[in-house]
Amino acid sequence: MGQSLASFFARPPATPCYVPAVRLNKFLSETGRWSRREADKVIEAGRVTINGKRVELGTQVAEGDVVAVDGQAVGPSRKAVAPVYLMVNKPLGITCTTERHVHGNIIDFINHRERIFPIGRLDKDSEGIILLTNDGDIVNQVLRVENGHEKEYVVEVNNPISDRFLERLARGVPVLDTITKPCVATRIDKHTFRLILTQGLNRQIRRMCEFLGYEVVRLERVRFMHLTLGSLRRGAWRDLTAAEVAGLKVTPPE
C-alpha cells in the first residue's frame, strides 16, 4: 500500500534503536552534503570538530557527539535512530537534492521526520522511482559504478522510433566526453521504448536521444535494481520491506 504525504503524520513515531559509534567520514556522508571521499578532504583540511575539538581522519562519532564543519553544527547530535529506506514515486517538478533553498526539493516534498537523502538522482523533468535513506553505507554500495546495478526506464520521444535508433542506443553513443556503456533498448510502440542502463551519467538518456536527433517527451524510471513501482501512485512513498532492503546489499556476480 502506497504511503501518501497527507497520511504521514498519522503514523506512530519510529522506535529508536541503538546505533554504535561510526567513523567521522561516514557520519558526514550521511548528511547528504559530502561523499566519503569529500568528507576525508574536509577532515584533512582541519575544518571538522567534535564537541569543539579539532579531529583527524579515523575519528569515531559516538551517540551524543556534536559534529561541526567550519564552526557550524552538522545536523543534530548523533543519536540512536532506526534506519530509513523509502521508495518514492517522484512526480514531475520535484528536484532530487538535499539543498532546502531549492524550490520543490525532494526533502521538503517528503517531509520525513528523519534526516534522509536520495540514492542517486532523477531529473526534475523525469518521474518514477527514487529511493531515499539515512544509511550512508547502502548509498555507497548501490551507487558504486563497478557493481553495474540495472535501472529501467520507459521513454517517449517526439519522432517515430527506427530500428537504427534502438541499435545505436544499445551499442553506445558519445555523451559527456565518453561513450555510454552497452544497454538494452526495446520498442514499446511507435514513439515509446524501454531502456535498461547500468550507469547514471547526468541527464544521460536525454543526451543520448538528442545525439541521435530525438527529443524526450516523457521519461519514467519504472525499476531500480530489483525494485518496481507496483501500485505506488504518483507522489506517494512507502517504506521498503526487510527483503527489499536486503536486496540492495547484494553485489552482482562478476
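Good morning. What we have before us is a predicted model, in which local features need pLDDT of at least 70, side-chain atom pairs count only at pLDDT 80 or more, and totals for chains, interfaces and linings use all residues. Residues are numbered from 1 along each chain as its sequence is written, and side-chain values use heavy atoms, with hydrogens and water left out.

Strand 2, residues 48-50, runs antiparallel to strand 3 and is joined to strand 3 by two bridges. Strands here are DSSP runs of E with at least two residues, helices are runs of H or I with at least four, and both are numbered from the N terminus. Two strands pair if DSSP finds at least two bridges between them.

I turn next to strand 14, residues 192-197. Five of its six residues are buried, where buried means under 20% relative accessible area, exposed over 50%, and partly exposed in between, with a 1.4 Å probe and protein chains only. Strand 10 runs antiparallel to strand 14, with six bridges between them; in one of these, Glu152 is partnered by Ile196. Strand 13 (residues 184-187) also pairs with strand 14 in the antiparallel sense, over four bridges, and Ala185 stands opposite Leu195. A hairpin of four residues connects strand 13 to strand 14.

Now the cysteines. With a disulfide defined as a pair of cysteine sulfur atoms within 2.5 Å, the count is zero. For Cys183, the nearest cysteine sulfur is that of Cys209, 9.9 Å away. Cys183 is buried, at 11% relative accessibility, and Cys96 is buried at 15%.

Finally, the largest pocket. A pocket is an open set of points on a 1 Å grid over the protein atoms alone, where a 1.4 Å probe fits, with protein on both sides within 12 Å along at least five of seven lines; lining residues have an atom within 4 Å of a point. The largest pocket holds about 1,200 Å³ of space, the volume being that filled by probe spheres set on the points, which are joined across faces, edges and corners. Of its 44 lining residues, the closest to the centre are Ile119, Gly120, Arg121, Val139 and Leu143. Helix 4 gives the most to the lining, with five residues. Thank you.
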